[in-house]
Amino acid sequence: MAQPMIQKPNGTRDVIPSQMYKWNTVEAIVKAQAEAYGFKEIRFPTFEDTGLFVRSVGDTTDVVQKEMYSVTATERTGEQGTSYTLRPEGTAGTMRALIENGLLNEGLPQKLFYVISCFRHEKPQAGRLREFHQFGVEMAGTQDPRADAEVIALGKSILDMAGLKNITLNINSIGCPECRAKYQQALRDYFKPHLDKMCDTCHSRYEKNPLRLLDCKSEICSEIAGDAPVILDYLCEECGTHFESLKKYLTAMGIEFTVNPRIVRGLDYYTKTVFEFISNDIGSQGTVCGGGRYDGLIGQLSGKPCPALGFGMGLERLILTMENQGADFADEETCDIYIGSMGEAGAVKAMQLCRELRADGVRAECDVVGRSVRAQMKYADKIGAKFSVMIGDSELESGTAKLKDMQGKSEPADITLGEDFGSVFNAMLIAKQLEAEGLDGALTELL
Ligand code: ATP
Ligand code: MG
């Protein structure tokens, strides 16, 4: 008896070729915009020492407490006891790499970006996966609020390029450790009389990380949190001025925002600026992009303080929002020419021509199945080939074949199978492209 088919793990996704254009579209946008703002790409391992995440993300966060995928190395690997974790986010790994590779001794600020998969053991639902993808940026070596404004502007440019509407930028400042200590006390004083009505998680938040009390999604807790004291009233002078300057720069760049004192972010390492771009179209998992400043993080990892900031953008959520809003995705390129064949000699010629064309960057395909002429043409149609040609004994003998414009109305044209096949075909391709762009008659003229 056949064994049951093994399926993908819960909370993971396949991207099949017919859907790939969406990913290619968003990846092209994020990379182009990151580069326009002067950010350079960085790559780092999919897994890191567990301690890196505990120390940077913070041991009271949901991510560290319940969402990490960790393994402990065994004797066999010679690293017994070492624990490794699949990255739940990208900041920790980037910061480690920045420090370990001495990049902080080079020109500052360092401006980096990445497109990575992240892993969190969460309850899967729309916009919440166990393996998801993030575009992230990090800037290290500046405390200036202009840097915060630039990072936010990059996020905004990307969402604009993706054609998104109805996205609200929420900003807040959660101050420095100094202002936060006073605020945490104020929060505890406020929540204390309400604690018996609140959820279990909030009880431990109350003890360990009262700021997160503002982030609870349960109805009763969030209702209580509604009247809690506001961090902005507790900011020290430096943090207050920093936040005012950020608002000034955002306004100067024409970026609309809402000051939302309830935004505290899920991870521990934030200081001063925090922000989220929230979509009103994808339900409760509406945070498409979240980030802020973490001036203490590098010092915490290396002992040498260095201010830094950045954001993470969930690519599944970005694509979901684009789909819901009917945004445009770029079309994928299809096959330029299908070179069909009849008989062995024709098949060999087709393979040779394909190889030559590909060396010129042309998308060329030939029959690798041994199909009938009819079936080959059907296949050429299916893969969306722009042109096709069929090579049999008579074509080989005469040295010419009929080149068919698959989508166009023009009659097939003669094309010689000699040395200039590639250059003639390339000219046709360009003419077809020009015609598609509105330069009528370009192709017909050439044919
Ligand atoms: P949330 O409050 O939605 O759980 P978070 O605070 O845990 O988000 P971050 O750690 O800031 O999220 O990650 C940055 C971005 O990555 C989020 O804004 C979101 O777009 C995306 N993201 C986070 N977790 C997931 C997930 N499990 N599945 C898909 N995307 C996610
Ligand atoms: Mg989360």
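**Strands, salt bridges and surface patches in a predicted model**

Thr271 is buried, its relative accessible area being 10% (buried denotes under 20% relative accessible area, exposed over 50%, and partly exposed the range in between, with a 1.4 Å probe and protein chains only). Thr271 belongs to strand β9, residues 271-279 (strands are DSSP runs of E with at least two residues, helices are runs of H or I with at least four, and both are numbered from the N terminus). Between the C-alpha atoms of Thr271 and His203, which are 68 residues apart along the chain, the separation is 23 Å. Lys272 also lies in strand β9 and counts as buried, at 5% relative accessibility. The phi angle of Lys272 is near 50°, a positive value in a residue other than glycine.

The model is predicted, so that local features need pLDDT of at least 70 and side-chain atom pairs count only at pLDDT 80 or more, whereas totals for chains, interfaces and linings use all residues. Residues are numbered from 1 along each chain as its sequence is written, chains are lettered from A and ligands numbered from 1 in the order in which they are written, and side-chain values use heavy atoms, with hydrogens and water left out.

Strand β9 is part of an open sheet of 8 strands with mixed pairing, in the order β1-β5-β6-β11-β10-β9-β7-β8 (two strands pair if DSSP finds at least two bridges between them). The edges are held by β1 (40-41) and β8 (258-259), each of which has a single partner strand, so one side of each is left without a neighbour in the sheet. Strand β7 (residues 167-173) runs parallel to β8 and is joined to it by 2 bridges; Asn170 has Thr258 in β8 as its bridge partner. In the loop between α5 (145-161) and β7 lies Asn166, whose phi is near 55°, a positive value in a residue other than glycine. Asn166 counts as partly exposed, at 48% relative accessibility.

Antiparallel pairing is found between strand β2 (residues 47-49) and strand β4 (residues 83-86), with 3 bridges. Here Phe47 stands opposite Leu86 in β4. Strand β3 (residues 70-72) is likewise antiparallel to β4 and joined to it by 3 bridges, with Tyr84 in β4 as the bridge partner of Val71. A cis peptide bond, with omega about 0°, joins Leu108 and Pro109. Pro109 is placed in the loop between α4 and β5 (110-119).

The count of salt bridges comes to 20 (a salt bridge is a side-chain nitrogen of Lys or Arg within 4 Å of a carboxyl oxygen of Asp or Glu). One of them joins Arg43 to Glu41, with the closest N and O atoms 3.6 Å apart. Arg43 is exposed at 70% relative accessibility, and Glu41 is partly exposed at 33%. In the salt bridge between Arg96 and Glu100, the closest N and O atoms are 2.9 Å apart. Arg96 and Glu100 are separated by about one helical turn because they are 4 residues apart in helix α4 (residues 91-100). Glu100 is exposed, with 60% relative accessible area.

Asp414 forms a salt bridge with Lys402, the closest N and O atoms lying 2.8 Å apart. This pair links distant parts of the chain, with Asp414 in strand β16 and Lys402 in strand β15 (residues 400-405), 12 residues apart. Asp414 counts as exposed at 53% relative accessibility, and Lys402 as partly exposed at 49%. Salt bridges with shared partners join Asp62, Lys66, Arg205, Arg212 and Asp215 into one network.

Surface patches comprise residues with over 30% relative accessible area and no salt bridge, like charges being joined within 9 Å and nonpolar side chains (Val, Leu, Ile, Met, Phe, Trp, Tyr) within 5 Å. Accessible areas come from the Shrake-Rupley method with a 1.4 Å probe, and for residues only the protein chains shown count as cover. Lys and Arg count as positive and Asp and Glu as negative, while His and the chain ends are not counted; the place of a charge is NZ of Lys, CZ of Arg, CG of Asp or CD of Glu. A negative surface patch contains Glu356, Asp360, Glu419 and Asp420. Asp420 lies in the loop between β16 (413-416) and α15 (421-436) and is partly exposed at 38% relative accessibility. Arg371, Arg374, Lys378 and Lys382 gather in a positive patch on the surface.
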